[in-house]
Amino acid sequence: MKRVGIIAMVTIILVVVLAGGSGGIAWAAEEVTVEELVANMEEFDEREVTISGEAVGDVMLRDDHGWVTVNDDAYSVESIHEGGDLTGYSNWGIGVWAPRTELEGIQIMGGYKYKGDQVRVTGVFHRACQEHGGDTDIHANRVEVLEPGHPISHPFAHWKLILVLVLAMLVMALGYVWWKRTHPSLPRGWRG
Amino acid sequence: MILRPSRGDVKLIGWGIGRVILGVGLLMTVPLVTAVLSTEWDTVLDFLVGILACVAFWLVMELTCKSERDFRWFHGLIVASGGWITAMLFGAIPSFLSGHYKAYLDACFDLMSGYTTTGLFLLQDLDHASNGLNMWRHLLTYAGGQGIIVIALTFLFAGTAGAFKIYVSEGKEEKLLPNVINTARAIWMISLTYLVIGSLFLWVSLLKEGMPVARGGLHSLWLFMGAWSTGGFAPQSLNILYYHSFWVELITLVIFVIGSFNFALHYAVWTGNRREIYRNIEIRSFTTTILLGTVMLSIGFGKFGVFGSLGEFFRKGFYQLASGHTTTGNSTVYSTSFFQEFGFIAMWAVILVMAIGASACSTGGGFKGLRMGIVFRYLRGEIRRLVSPESAVVPEKIHHVHDIWLDDPMVKGALFIIICYVVIYSLGAMLGVIYGYDPSVAFFDSVSAGSNTGLSAGLTSPLMPAALKVYYIFMMWAGRLEFMSIIALFSFAGALLRGKRARRRRS
């Protein structure tokens, strides 16, 4: 019985050491949203957290590290150009500072034409990061791409084209009347 | 009281507003070209609709309201105030068609915020917005900073002797050159020169910070437009925090501080009068109030203790303070941080400098440094008079491009405008409190809107009550035009109604 206890103890210690050594202590990090982080900065300050969302804008590489912005709002699931609902706010995102090697996996950044890669970020949240002039950020030790991004199709809005044509005809008609009124002395052939 | 306007008055005003709207339509060609170059065809259609609507309105006004009369003061005031409202309604067309707004009111809010260089916005999902829409947002704040009437004057009112009356009605009193059309063009020349230099500096720093060349170029242009106009718009939802860059923060800070200076001061310096920088009352007033604000901010930060180092104080404290004082609205913190991370004293330091605002005849809003200088000198004169013999004459003067002796009408005028600002700030805050917002947050956003700043402590959002949106639009408009044009517009509407009632009674 005593031997079983010792084996169990050693196994637990080995699991903890190996998981920690391989950077796999992510399971200890709390899964949160950016909105929760921003609303409770003091509570989450210096704690390890995990967020999941869309990589938007640019990857800005600086030496062996880089910045990426990760949004986890409703638009990161379905942007308004994909038919997503207007939910009543702009975006919820946060700057993630990560090693260059972790950022290399991100290929598509979110914007008007693309839905960005869906990523899962694990790292330490800083309410006022001392390394980055007080920025609110996450220093990530792990960035995983969960789902690759894709182009967003913008179907041609035919009703807008019809509106353009109607307005163009109106402008031409008004312009014709205005031209006739302001240029009354044009030669006969010019006056239609 | 304004006498009952004649049909000729109404026609002349309609004609003037038509020209302003044609100017808005011409401005839309820039985002249209941007959308074409970016192959954003849906956005191209949005701007085509907007341009055609503006041209159609202008043609209707030309056909129905063409007048040979010239503008009097009263017409100028109505064209300016009515022109801004009409420009908001037409300018909101492509924004609303983009699909980023739940209601047309929200698009109008953003347009008024852009024109008045406020910077608050209700646009949703900014991080997925097109280049064309972003160009429009930033261009209208850049153009609005010079004044949309200035745009119209530059291109569309040439040869109109009454142009000065419209120009002054937009809240600008400085005549840099004898001819007001040339003054408008000088304002553009100053702004365009800074645009080239400032954008280049920003582009280089963005490239250094790891942005791609093309996007870096567009972002540098937009950031310049947002900072120079003291509008504070940025192409990403995190605003300046998105870039995580000391250099971008430093350059935008320099741009918005320079942008907040009086165009007359710019012109004086440009034409070789460099001593004006040290002597000008507005520079002295700005220096004094920003120093006092910095002291207050330091006390606040010291008590709260979130931002401890000098670097953090500069990038998170002083940056927001200067952004608030110049009524810019660029920000390197989350909006909720003002309430949660700054603490009461530091938050109120930002509120106070926002209320004071930038220089007269600049792109900024608020009480203005000139008026603060006038009131301060007047109070100093009163104290000196009290301690002097009864028969002593104690004159006070200010230096603004040249020496100006203070007189009672000047002091009364300055005090009247300051009181108007205090009233609209307070009413906005009261309305916010009535709707259940925290008093400090309600005050913060109300002062921000009324002084055309654009920082937010979290109240301004698409979910805010419609009545607050309408009142904020009014505040941004009234604050930018400095009340006189607005009072004239309401008097004009009252006079028109009186006239209609009188006609009905007679018949």
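# A tour of chains A and B

Start by selecting α14(B) and α15(B): α14(B) passes α15(B) in a right-handed crossing. A crossing is right-handed if the near helix is turned clockwise from the far one by less than a right angle, and left-handed if anticlockwise. Helices are DSSP runs of H or I with at least four residues, strands are runs of E with at least two, and both are numbered from the N terminus.

This is a predicted model: local features need pLDDT of at least 70, side-chain atom pairs count only at pLDDT 80 or more, and totals for chains, interfaces and linings use all residues. Residues are numbered from 1 along each chain as its sequence is written, with chains lettered from A and ligands numbered from 1 in the order in which they are written.

**Stop 1: α14 and α15 of chain B**

Stay on this pair. α14(B) covers residues 281–304 and packs against α15(B) at an angle of about 140 degrees, with the axes 10 Å apart. Axes are lines fitted to C-alpha atoms, for helices over the stretch in contact; angles run from 0 to 180 degrees between N-to-C directions. The two helices are therefore oblique to each other. Angles under 35 degrees count as roughly parallel, over 145 as roughly antiparallel, 65 to 115 as roughly perpendicular, and the rest as oblique.

Now show the side chains. On α14(B), pick T289(B), I290(B), G293(B), T294(B), L297(B) and F301(B). Their partners on α15(B) are F313(B), G317(B), F318(B), L321(B), A322(B) and H325(B). Two residues are in contact if their C-beta atoms, placed from the backbone, lie within 7 Å. Colour by class: this contact has seven nonpolar, five polar and no charged residues. Here Ala, Val, Leu, Ile, Met, Phe, Trp, Tyr, Cys and Pro count as nonpolar, Asp, Glu, Lys and Arg as charged, and the others, Gly among them, as polar.

**Stop 2**

Next, select T327(B), in the loop between α15 and α16 (337–340) of chain B. T327(B) is not a glycine, yet its phi is positive, about 55 degrees. Most residues other than glycine have a negative phi. T327(B) counts as buried because 36 other C-beta atoms lie within 10 Å. Buried means 20 or more such atoms within 10 Å, exposed 12 or fewer, and partly exposed in between.

T117(B) has a positive phi of about 55 degrees without being a glycine. T117(B) is buried too, with 36 other C-beta atoms within 10 Å.

**Stop 3: α5 and α21 of chain B**

Show α5(B) (residues 104–115) and α21(B) (residues 466–481): the axes come within 9 Å and cross at roughly 25 degrees. These helices are therefore roughly parallel to each other. The crossing is left-handed. L105(B), C108(B), F109(B), M112(B) and S113(B) of α5(B) meet A466(B), K469(B), Y472(B), I473(B), M476(B) and W477(B) of α21(B). By class, that is nine nonpolar, one polar and one charged.

From here, go to M88(B) in helix α4 (residues 73–97) of chain B. Leaving aside residues up to four places away in sequence, M88(B) touches C108(B), L111(B), M112(B) and Y115(B). M88(B) counts as buried because it has 25 C-beta neighbours inside 10 Å.

**Stop 4: α3 of chain B and the chain A side**

Select W58(B), in helix α3 of chain B. W58(B) is buried, with 26 C-beta neighbours inside 10 Å. Beyond four places in sequence, W58(B) touches G18(B), R19(B), I21(B), L22(B) and G25(B).

Now display both chains. Here 53 residues of chain B are in contact with 51 of chain A. On the chain B side, α3 (41–65) and α15 (310–325) each supply at least two residues. α3(B) gives the largest share, 13 residues. That side divides into 26 nonpolar, 15 polar and twelve charged residues.

**Stop 5: the cores**

A nonpolar core is a set of buried Ala, Val, Leu, Ile, Met, Phe, Trp, Tyr and Cys residues joined through C-beta atoms within 7 Å. The largest has 168 residues; V68(A), V96(A), I21(B), C54(B), V55(B), M112(B) and V350(B) have the most contacts inside it. α3(B) gives the most to this core, with 15 residues. A second, separate core of 16 residues includes L265(B), Y267(B), A268(B) and I281(B).

Finish on V68(A). Beyond four places in sequence, V68(A) is in contact with A55(A), V59(A), V96(A), A98(A), L103(A) and I106(A). Then colour chain A by secondary structure: six helices and eight strands. Of its 192 residues, 34% count as buried.
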